[in-house]
Amino acid sequence: MLKKVVGLYFSPSGGTAEITKRITESIAEVVQVSSVEDVVCECYDIIRKPLEEDMYFDEDTVVVLGISVFTGRLPLPAIKLINQLHGGGAMMVGVVCYGNTSYGDSLYELYAFAGDQGFRTIAAGAFITRHGMFERLAQDRPDENDYAMARSFADNAAGKILRLSGSLVHGLRIEPAPLDIKGCMPSKGPVKMPLHPTPGKNCVLCGECARICPVQAISHDDPAKINVKKCISCTACIKSCPNGSRGMYGPFAEASRLAMEVMYRRRKEPEWFI
Ligand SMILES: Cc1cc2nc3c(=O)[nH]c(=O)nc-3n(C[C@H](O)[C@H](O)[C@H](O)COP(=O)(O)O)c2cc1C
């Protein structure tokens, strides 16, 4: 019997968090209606509160895993996180969020890695959120239409979850059919970004950026010192800066912003595979 719906998200600037939380809560609501016992719903922000130990799940749990897309791939720290999750046959709903350019192979990667970790992925969706790096791309996303689509995705996924959980008879588990997700396992490593966030004029050296950085690339003593080998340009530091000081500055950043805005102006819509 389903007892828990757990949402986990890797969301440097908060968009993926919002979509993942809504999907998790919507699924929990539907599952609750057809359950006689209380269904627990929990969400974890794995950037702001990294996992201290591996998490183990079982068939009584549904996991919603939301990850923000970097260069059409899953960010490396998110892959490390997936390796800390052990499915034990739990059903998974995979979610990627991207900044209106392309989600590339990320959803396929998520599906493949989740399978390796013992999850049964029954639904996977790609949603659009404001681009963390080029913030004028998809700047008003997610909007009401995105949230309505997230709800619809969650309702469809919940329907499938209920059908599959009802089919566990005398220990005989029905495996969901494979999802026909577009993409493939990338043969190359992730692309390193040539742009890195730096402090602006209002920086008061509070160190919040260094505390939040998921890869410890920022010096605690001098936030202007960045280890560019470690920095994944995720922009969590920009989002966390209490003075709005940190950003992507300089002519190269501005030129990239302008080019991206022209190239990816056309609105993309969420897509899912169930
Ligand atoms: C380093 C980096 C690479 C990115 N690569 C892509 C990409 O390939 N395609 C895309 O549409 N968005 C890309 N984005 C935008 C993120 O997917 C976007 O910031 C994300 O949707 C925002 O999620 P968040 O609010 O949860 O951080 C990239 C962002 C960063 C920081």
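Predicted model: local features only at pLDDT ≥ 70, side-chain atom pairs only at ≥ 80, totals over all residues.
Local features need pLDDT of at least 70 and side-chain atom pairs count only at pLDDT 80 or more, while totals for chains, interfaces and linings use all residues. Residues are numbered from 1 along each chain as its sequence is written, and side-chain values use heavy atoms, with hydrogens and water left out.

Start by selecting residues 120-128, strand E7 (strands are DSSP runs of at least two residues, helices H or I runs of at least four, numbered from the N terminus). Here 9 of the 9 residues are buried, so E7 is largely enclosed by the rest of the structure; buried means under 20% relative accessible area with a 1.4 Å probe, protein chains only.

Next select residues 91-98, strand E6, which runs parallel to E7 and is joined to it by 8 bridges (two strands pair if DSSP finds at least two bridges between them). Tyr98 stands opposite Ile128 in E7. From E6 the chain passes through helix H3, residues 106-116, to E7 in a right-handed β-α-β crossover: with the strands pointing away from the viewer, the path from the first strand over the helix to the second runs clockwise.

Then show residues 271-273, strand E8, which is antiparallel to E7 and joined to it by 3 bridges. Ala126 stands opposite Glu271.

Finally, select the ligand. A backbone N or O atom of Thr71 lies 2.7 Å from a ligand nitrogen atom, and one of Gly99 lies 3.0 Å from a ligand nitrogen atom. A polar backbone atom of Cys97 is 3.3 Å from a ligand oxygen atom.

Technical notes:
Buried < 20%, exposed > 50% of the residue type's maximum accessible area, 1.4 Å probe, protein only. Polar contact = N/O pair within 3.5 Å; in protein donor to acceptor, adjacent residues only side chain to side chain.
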